[in-house]
Amino acid sequence: MPEYKAPLRDIRFLIDEVFDYPASYAALGASDATPDMVAAILEEGARFCEQVLSPINRSGDEEECQWRDGVVTTPKGFKEAFAQYVEGGWNGLAADPAYGGQGLPHSLGLIISEMVASANQSWAMYPGLTHGAMSAIHAHGTEEQKQTYLTRLTEGRWTGTMCLTEPHCGTDLGIIKTRAVPQADGSYAISGTKIFISAGEHDMSENIIHLVLAKLPDAPAGTKGISLFIVPKFLPAGEGIGERNAVSCGSIEHKMGIKASATCVMNFDGATGFLIGEANKGLNCMFTMMNHARLGTGMQGLCLGEASYQGAVRYANDRLQMRALTGPKAPDKPADPIIVHPDVRRMLLTMKAFNEGNRALAYFTAQQLDIAHRSDSAEQREEAENLLAFLTPICKAFMTDSGLEATNLGMQVFGGHGYIREWGMEQLVRDCRIAPIYEGTNGIQALDLLGRKVLGSQGKLLRGFTKLIHKFCQAQTEHPRFKAQVAELARLNQQWGELTQKVGMAAMKDPDEVGAAALDYLMYSGYITLAWLWLRMALVAEAKLQAGEGDSAYYQTKLATCDFYFKRLLPRTEAHRAAVEAGSDCLMQLPAENFSL
């Protein structure tokens with residue numbers, strides 16, 4: 001299994017030099033997040049991930065979770081690692097101090113989450129789902145519910161889930177069958193079955209708090225009739241737990257990857273539940289949790305791509321195969337290391353460009369999350385919330401698709417050895433494969449971006465983002481080193497608006513045009529977004545080199561990777577644009593029955 005090392009140099013480059021987190025934290029009143037405090041948190045977080053989580057990653061995959069008579073046992077070391085995580089205060093890092101949290105910025109919490117998932121994606125699912133549940137309760141719960149649940153969730157004594165999907169429906173939540181019947185004491189009796197529930201049952205905490213979508217007896221049809229309920233595994237009693245609720249794990253799934261994450265079938269047999277938020281407004285409440293989860297899922301592409309790159313680059317420097325086409329590079333050895341070969345360089349640079357570009361995208365988005373939660377300015381909060389709405393589907397879909405490409409390339413670098421389990425590279429591919437599927441498939445994310453966020457806002461959300469790129473390009477038009485790249489970015493930014501107008505006009509005549517264009521439109525958007533971020537990083541690196549500051553080799557590497565991105569990856573936008581403009585006819589003209597011929 002690749003030995004994970006937290007990329008602290010790259011993390012610090014982004015938060016200190018590109019996005020200036022210290023200044024942002026100061027402006028938002030996050031006085032505890034001093035540079036020294038942040039540095040200490042990152043160092044200690046890296047140590048925990050490298051020394052505690054990474055060593056149990058492969059063993060967890062081999063052992064998997066075990067289910068017997070409704071009880072789920074996690075692999076060896078998982079429960080102990082969670083106890084260390086809780087004792088270290090990591091679970092409440094960005095949680096509200098009113099409920100026992102440390103109140104540090106959400107962006108800092110997401111950086112720790114990146115390291116956790118890079119070291120051990122299966123293990124990361126348990127606290128990850130808890131953080132999503134906490135965000136929903138914090139945003140929509142009553143004060144009594146917050147006091148009852150948030151304090152214990154923050155402490156790590158209890159963990160959380162979200163229960164959406166049912167056997168007969170996936171994304172189409174309007175047809176769920178789970179029912180909630182009002183009781184005389186104000187609670188509800190919840191009955192139904194939910195599937196694919198991550199961390200639905202396990203042995204790592206004393207209680208599990210399920211957030212469950214269900215319908216009241218008089219609920220309107222469709223998504224307008226969905227309510228959200230808190231359904232604890234054990235009912236709260238004083239400071240601890242009371243009687244067992246009528247909720248049980250019927251089985252766990254046997255999966256391609258993330259095998260040490262318990263993916264459960266959960267049965268609710270008249271379980272006691274408590275309404276959170278307004279009746280029939282549950283989907284709005286759940287979106288708070290889902291948006292948190294979608295950013296976290298998007299980062300899984302980055303995390304597993306990073307782990308794969310670390311393994312691949314070490315192997316490429318050690319593995320000897322053939323001689324370089326330009327002559328021996330290691331004449332004292334029987335062959336040259338494979339890193340001298342252009343095709344291996346292509347694979348490694350593709351991984352590196354995606355990983356570092358996606359990290360920049362995640363950190364920029366996380367910074368908007370801080371502003372949306374902490375700024376005193378209503379205008380700043382609105383701008384940040386609009387950027388979050390626009391970027392969330394791009395983060396989820398683009399980062400997971402490119403992360404899957406990166407893990408596949410990492411395995412390819414190893415050749416036949418990459419296909420063998422002992423090296424651990426194939427596990428990273430298997431673990432990453434779910435990321436484009438869950439928390440809303442990438443096709444659904446694409447529909448959300450193009451249909452709801454762009455066309456649904458009459459282009460407002462798109463213009464808010466392209467305006468940032470436009471201003472950036474205007475300021476750098478005559479840059480002596482990056483003039484050509486800035487011009488290309490400006491051209492694509494203008495084309496982005498024109499392409500959107502074409503799709504919008506076509507969709508007015510045929511609604512299928514949106515569905516036909518959506519995925520290619522999202523990928524096109526992702527490549528342009530990363531181009532902007534790569535230029536931002538390159539400008540900082542160039543300025544540091546000109547000033548003679550810092551590690552020159554690191555900054556030169558940034559410039560070279562940016563050059564590779566613009567020459568080898570950004571041209572993919574042309575294929576995506578052509579596919580968008582091809583329209584829906586070629587997809588919809590074949591009758592459904594002819595697919596089986």
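**Close-up views of a predicted model**

Helix H6 is mostly covered, with twelve of its 14 residues buried (buried means under 20% relative accessible area, exposed over 50% and partly exposed in between, using a 1.4 Å probe and protein chains only). Please keep in mind that this is a predicted model, where local features need pLDDT of at least 70, side-chain atom pairs count only at pLDDT 80 or more, and totals for chains, interfaces and linings use all residues. Residues are numbered from 1 along each chain as its sequence is written, and side-chain values use heavy atoms, with hydrogens and water left out.

**View 1. Helix H6 and its buried residues.** H6 covers residues 106-119; helices (H or I, at least four residues) and strands (E, at least two) are DSSP runs, numbered from the N terminus. Among the buried residues of H6 are Leu-108, Ile-111, Glu-114 and Met-115. The 14 residues of H6 should span 20 Å at 1.5 Å a residue, and the end C-alpha atoms are 20 Å apart, which agrees. The expected span here is 1.5 Å times one less than the number of residues in the helix.

**View 2. Helix H5 passes helix H7 in a right-handed crossing.** The axes of H5 (residues 78-87) and H7 (residues 121-140) come within 10 Å and cross at roughly 45°. That makes H5 oblique to H7, since angles under 35 degrees count as roughly parallel, over 145 as roughly antiparallel, 65 to 115 as roughly perpendicular and the rest as oblique. Axes are lines fitted to C-alpha atoms, for helices over the stretch in contact, with angles running from 0 to 180 degrees between N-to-C directions. A crossing is right-handed if the near helix is turned clockwise from the far one by less than a right angle, and left-handed if anticlockwise. On the H5 side, Phe-78, Ala-81, Phe-82 and Tyr-85 meet Ser-122, Trp-123, Tyr-126, Pro-127 and His-131 of H7 (contact means heavy atoms within 4.5 Å).

**View 3. Strand S7 is covered on both faces.** Six of the six residues in S7 (residues 227-232) are buried. Ser-227, Phe-229 and Val-231 lie on one side, with Leu-228, Ile-230 and Pro-232 on the other. S7 pairs with strand S6 (residues 207-214) in the antiparallel sense over six bridges, two strands being paired if DSSP finds at least two bridges between them. Look for Ala-214 opposite Ser-227 in this pairing.

**View 4. Strand S11 pairs in the antiparallel sense with S7, S5 and S10.** Nine bridges link S11 to S5, and Phe-268 is the bridge partner of Gly-192. Five bridges join S11 to S10 (residues 247-252), with Ser-248 opposite Asn-267.

**View 5. The loop between S5 and S6 holds Ala-199 and Asp-203.** Ala-199 is buried, at a relative accessible area of 1%, and has a positive phi near 60° although this residue is not a glycine. Asp-203 is partly exposed, at 24%. Asp-203 and Thr-74 are 129 residues apart in sequence, yet 6.6 Å apart in space, C-alpha to C-alpha. Leaving aside residues up to four places away in sequence, Asp-203 touches Val-72, Thr-73, Thr-74 and Lys-79.

**View 6. Asp-20 sits in the loop between helices H1 and H2.** H1 runs over 8-18 and H2 over 21-27. Asp-20 has a positive phi of about 50° although it is not a glycine, and is partly exposed, with a relative accessible area of 37%.
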